[in-house]
Amino acid sequence: MKKSLFIAAIAAALLMSGCSQKEPEVDMTQQEGAGQQATSADTGLDTIQGSTESSDLMGEDARMAKIRQIETSAKKIYFDFDKYNIRPDQEPRVDEDAKLFASEDAKDLTIKIEGNCDEWGTDEYNYALGLKRAKTVRDALSVKGIDESRMVMVSYGESNPVCTEHRKECWAQNRRVEFKLLP
Amino acid sequence: MRIVLFMILGVFLYASDATLEIVKSADNRPMVAIQDASEFGTEMTRQKFFRLVMGDLKVTAHFKVDDTYRRSGYNSLIDPMLKTNNYLLRYRFREGDQQQLFMDVKAYEFPSATPFFERSYRVSNRARYPFLIHQAVIDFNDFLKMPSVGWMKRYVVFAEYIKARHADIVIADYTLTYRKKIVSGGLNIFPKWADRAQKGIYYTKLGRRPVLYYYNIYTGEQRKVATSDGMLVCSDVSRDGRKLLLTMAPNGQPDVYQYHIGSGMKERLTFYSGIDVSAQYINGEKRIVFVSDRLGYPNVFASRIGSRGVQQMVFHGRNNNACSAHGKYIVYSSRETDNAFSSNTFNLYLISTESDYIRRLTASGINQFPKFSEDGESVMYIKHYASQSALGIIRLNYNEGYLFPLKGKRIQSIDW
């Protein structure tokens, strides 16, 4: 009985190996289809006790998310028509920004100060006005303890409006300095 | 007798001063009628062609042009009604192989009704039709020995905003009808012709830091010229193309510099702690004019290269923030109103460095981006209405202005 089973097994193996040679090559991409059962690679990680998981990849994403979060909480500084001095009502906002940029999460980041203008100027003067707005804010932040070497300035003139309708509220929103934080 | 002598002297003295307005008492320019004998295009296309032929003839300022659109056969007999004119300009557009387009032009003289001028022109791409028309009008004008309008076939280069922080650089004919994009991707601004032959341009690419590039429009060769913190703009090029006037802002402080192409040497020309921008050569490139806010508002100033002394050039207006210079003439845009919260009026004015006269060139609306033509006889500008813009040409010596409707995007900066 045992012998006959052994022979049957060999015969079946030979038969199958013979069959497999005749089969067309397997298309690997089809095996990755949605219908296939994915094999778990968690290898018990789910059950390991400890703190929040991290790796270099996730760390980078989390860091960028954190940077974007700080960037969003930075206050934009608004300016009067044709002016580049900081208005008294904007000074508390500059103070808040200085505190934010000096905070533990932000203290190693480079601060890109972007000056912007409304649509009423033309040509070079508007770009220069945007730059002077950026410079006034940089100088104010510097006085409040932010290291100048951490700050870079750029002017987008009238090219970067947050509001494109031709109304007064729009123009006022566009005359602004805003911040981008760079790792 | 003495009074007559003074008057004659006065006429001669001021005859060449473009800041003096010419008031014509009688219009004795030759009258021209136009006939279209085109075999090409729809009614709309033909109207488009006609408007440009008529526009070009008017912009010469040498003719009184009849606005009526008339059809005719190219070799048909002449309608006797037209003989009240001095000339008849008959043209025909013809299709060629592939994208070719031909324009035949014939001019008749009255009262004899004899043809005295006949030419044929062709372009290999139909989109270039404005250049057919400009060439035909230049030749017709030259044939009649009128002062040259050769500037009509020169290119205009401008930057236009595509979306926030994106601008392309485009080359166009002087009416901005024909356009060809030459630089795109990112914020490309302040294009400036690098040489009188219009072979290359300088422009600024604003990335993390602004970079000034030279770009050859024929070979596509591009090279980095300079970089600066905050701001970098080429605002003028010397006649020999070897020196540039740049606005640079090391440490966030915009000032004017002279850049020597050969040696790469940069020489600071302005020293004010506010804004100094838009410098242009005047008076044989010994002096510059520039826009500065040193009086608390933007205005036009001049200084001698190598000297720190500054002279105020304009004593009118509270916001003169853009100017263009040619020889001794300066044209500037002045904001006449000071509304932070509603529409403002900008007008163009012409002054001479050698006299105190101011000539107002526009009367109403928003008139910006003034630029002299290469011969200094015309000024190009952009006029904005509520929902549309137009390109304006002012013929200074003729006291005539023309507007071409402008479709499309917002212009950032323009050079002629």
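Residues are numbered from 1 along each chain as its sequence is written, and chains are lettered from A and ligands numbered from 1 in the order in which they are written. Because the model is predicted, local features need pLDDT of at least 70 and side-chain atom pairs count only at pLDDT 80 or more, while totals for chains, interfaces and linings use all residues.

**View 1. Chain B as a whole.** Chain B holds 3 helices and 29 strands, where helices (H or I, at least four residues) and strands (E, at least two) are DSSP runs numbered from the N terminus. Its C-alpha atoms fill a box of roughly 70 × 70 × 45 Å along the principal axes. Of the 416 residues, 42% count as buried, a residue being buried if 20 or more other C-beta atoms, placed from the backbone, lie within 10 Å of its own.

**View 2. The two domains of chain B.** The domain assignment gives domain 1 (29-150) and domain 2 (154-415) of chain B, with bounds that come from an automatic or database domain assignment. The C-alpha centres of these two domains lie 34 Å apart. In all, 10 residues of domain 1 are in contact with 10 residues of domain 2, contact meaning that the C-beta atoms, placed from the backbone, lie within 7 Å. On the side of domain 1 that touches domain 2, helix H2 (43-60) and helix H3 (129-143) of chain B each supply at least two residues, and H2(B) gives the most, with 4 residues.

**View 3. The largest nonpolar core.** This core has 132 residues, and Ile288(B), Val289(B), Ile330(B) and Val331(B) touch the most other members; such a core is a set of buried Ala, Val, Leu, Ile, Met, Phe, Trp, Tyr and Cys residues joined through C-beta atoms within 7 Å. Helix H5 (residues 123-143) of chain A gives the most to this core, with 8 residues. Domain 1 and domain 2 of chain B both give residues to the core, so it lies between them. Leaving aside neighbours within four places in sequence, the contacts of Val331(B) include Leu348(B), Leu361(B) and Phe372(B).

**View 4. Strand E15 and its partners.** Strand E15 (residues 255-260) of chain B has 5 of its 6 residues buried, so it is largely enclosed by the rest of the structure. Strand E14 (residues 243-248) of chain B runs antiparallel to E15(B) and is joined to it by 6 bridges, where two strands pair if DSSP finds at least two bridges between them. Leu245(B) stands opposite Gln258(B) in E15(B), and in the hairpin of E14(B) and E15(B), with 6 residues between the strands, Asn251(B) takes a positive phi near 65 degrees. E15(B) is also joined by 3 bridges to strand E16 (residues 266-268) of chain B, and these two strands run antiparallel. Here Tyr257(B) stands opposite Arg268(B) in E16(B).

**View 5. Where chain B meets chain A.** In this view, 31 residues of chain B are in contact with 24 residues of chain A. Several strands of chain B each supply at least two residues of the side that touches chain A, among them E13 (232-237) and E29 (411-415).

Definitions and conventions. A residue is buried if 20 or more other C-beta atoms lie within 10 Å of its own, exposed if 12 or fewer, and partly exposed in between; C-beta atoms are placed from the backbone. Two residues are in contact if their C-beta atoms, placed from the backbone, lie within 7 Å.
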